[in-house]
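Trainee: Could you walk me through how to read a protein model?
Mentor: Gladly; let's look at it together.

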Amino acid sequence: MTIELPTLPYNFTALEPAMSADTLVFHLSHHQRGDFDRIASLIRGTELKALPLEELVHVAARTPGRRTLYQCAAETWNHNFFWKSMRPGGGGTAHGLIGECIGAHFGGYEQFVREFKNAAASLFGNGWLWVTLKDDVIEILTTSNADTPIVRGHTPSLALDLCEHAYYLDHQNRRSAYVTTFLDELVDWECANRILRKRIDATEALATRFGAVTSNVIPRVRRPYEAP
Amino acid sequence: MSLMLPPLPYALDALEPYISRRTLSAHHGNHHAAYVEKTRVLTQRTPLESAPLEKVVHASASRDSDLFNAAAQAWNHALYWNSLSPGGGGEAQGSPTYDPDRQSPKAPSTSRHPPS
């Protein structure tokens with residue numbers, strides 16, 4: 001199997017007190033590990049075992065009868081991305097490219113925060129909150145349960161796990177307190193900036209190669225809940 | 001009559017040590033209460049305003065997912081509390097027990113597990 005055992009990009013106590021070591025231990029070593037083990041047993045002895053995780057998500061999504069594999073693979077991909085959306089000493093107003101996008105298209109960081117929190121509160125049950133790019137539109141969206149936006153052509157720049165297991169030990173039922181803590185103390189805007197930079201470089205490379213005019217490569221914005 | 005949060009059928013600490021007071025308090029007082037309150041708000045000034053909860057669940061199914069999610073969760077939780085009891089657990093008990101030799105007209109349908 002080419003998929004690697006999930007790990008954190010920091011140690012278990014690195015996000016305290018914003019996110020406790022207990023939360024990270026249970027989240028990584030029990031919840032995410034459970035999905036990883038199920039993937040291993042579902043692809044053992046099949047040709048799927050040669051695929052890297054992201055490819056496995058896409059293949060499982062379009063293969064009839066592979067619903068459970070899709071859910072486990074998507075959930076693992078989502079978690080890997082989520083760990084990178086946080087850092088010790090993170091949080092605060094968005095800066096860099098993502099800050100420019102938010103300023104230009106949400107009418108400022110405060111308006112972005114309002115819409116981000118609204119979207120989090122509106123998701124029923126378990127799922128994920130994302131800031132994604134699609135067709136050069138930046139948007140806030142939610143997915144339910146294990147679903148991932150990468151199978152619908154989105155490039156995530158930021159992920160927040162909204163499952164109760166992500167916040168119950170630290171905040172119990174107060175999802176809004178968890179979302180506020182994520183924005184104020186944990187979010188790693190540099191992760192979003194690296195992804196945006198990669199997208200823009202790729203767009204510019206294409207423009208150079210094919211001679212297209214790209215006067216505005218900063219992504220446009222789509223309001224949450226707008227029809228795609 | 002507007003919807004109310006049904007009280008727990010036992011004390012908050014009655015299920016300890018298996019379910020803690022803290023868990024019951026948050027689950028009933030915060031989660032269940034929030035579903036009841038949301039159902040109440042979403043049915044205000046609608047034809048379902050004074051309908052019993054079960055009717056709200058049926059009426060909103062596949063029509064209004066916000067209302068259905070809240071009402072169904074409120075209904076599910078109300079049944080759930082009654083599915084637990086202090087000193088509960090163990091083998092299922094009580095009549096009628098299915099006895100193929102003594103089928104009475106009152107015996108419940110056993111169609112899910114027919115005798116082989």
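This is a predicted model: local features need pLDDT of at least 70, side-chain atom pairs count only at pLDDT 80 or more; totals for chains, interfaces and linings use all residues.

Trainee: How many helices and strands does chain B have?
Mentor: Helices (H or I, at least four residues) and strands (E, at least two) are DSSP runs, numbered from the N terminus. Chain B has 3 helices and 0 strands, giving the pattern α-α-α along its sequence.

Trainee: What share of chain B counts as buried?
Mentor: Buried means under 20% relative accessible area, exposed means over 50%, and partly exposed lies in between (1.4 Å probe, protein chains only). By that rule, 24% of the 116 residues of chain B are buried. Accessible areas come from the Shrake-Rupley method with a 1.4 Å probe, and for residues only the protein chains shown count as cover. Chain B exposes about 8,500 Å², with 53% of it supplied by carbon and sulfur atoms.

Trainee: And what can I learn from its contacts?
Mentor: A contact means heavy atoms within 4.5 Å. If you take the contacts in chain B between residues at least 6 apart in sequence, 58% of them join residues at least 24 apart.

Trainee: At what angle do H1 and H3 of chain A pack?
Mentor: Axes are lines fitted to C-alpha atoms, for helices over the stretch in contact, and angles run from 0 to 180 degrees between N-to-C directions. Helix H1 (residues 21–43) and helix H3 (residues 67–84) of chain A pack at about 145°, and their axes are 9 Å apart. The residues of this contact divide into 11 nonpolar, 6 polar and 3 charged. Here Ala, Val, Leu, Ile, Met, Phe, Trp, Tyr, Cys and Pro count as nonpolar, Asp, Glu, Lys and Arg as charged, and the others, Gly among them, as polar. On the H1(A) side, the residues include Leu24(A), Leu28(A) and Phe36(A), and on the H3(A) side they include Leu69(A), Thr76(A) and Trp83(A).

Trainee: What do the buried residues of H2(A) pack against?
Mentor: They pack against H1 and H3 of chain A. In H2 (residues 53–61), the buried residues are Leu53(A), Leu56(A), Val57(A), Val59(A) and Ala60(A).

Trainee: How many salt bridges are there over all chains?
Mentor: A salt bridge is a side-chain nitrogen of Lys or Arg within 4 Å of a carboxyl oxygen of Asp or Glu. The whole structure holds 6 of them over all chains. One joins Asp37(A) and Arg33(A), whose closest N and O atoms are 2.9 Å apart.

Trainee: Why can two residues of one helix pair up like that?
Mentor: An α-helix has 3.6 residues a turn, so residues three or four places apart point the same way. Asp37(A) and Arg33(A) are 4 residues apart in H1 of chain A, about one helical turn. Asp37(A) is partly exposed at 38% relative accessibility, and Arg33(A) is partly exposed at 33%.

Trainee: Is His31(B) buried or exposed?
Mentor: His31(B), in helix H1 of chain B, is buried at 15% relative accessibility. Leaving out residues up to four places away in sequence, His31(B) touches Glu164(A), Tyr168(A), Asn173(A) and Ala26(B).

Definitions and conventions: Residues are numbered from 1 along each chain as its sequence is written. Chains are lettered from A and ligands numbered from 1 in the order in which they are written. Side-chain values use heavy atoms; hydrogens and water are left out.
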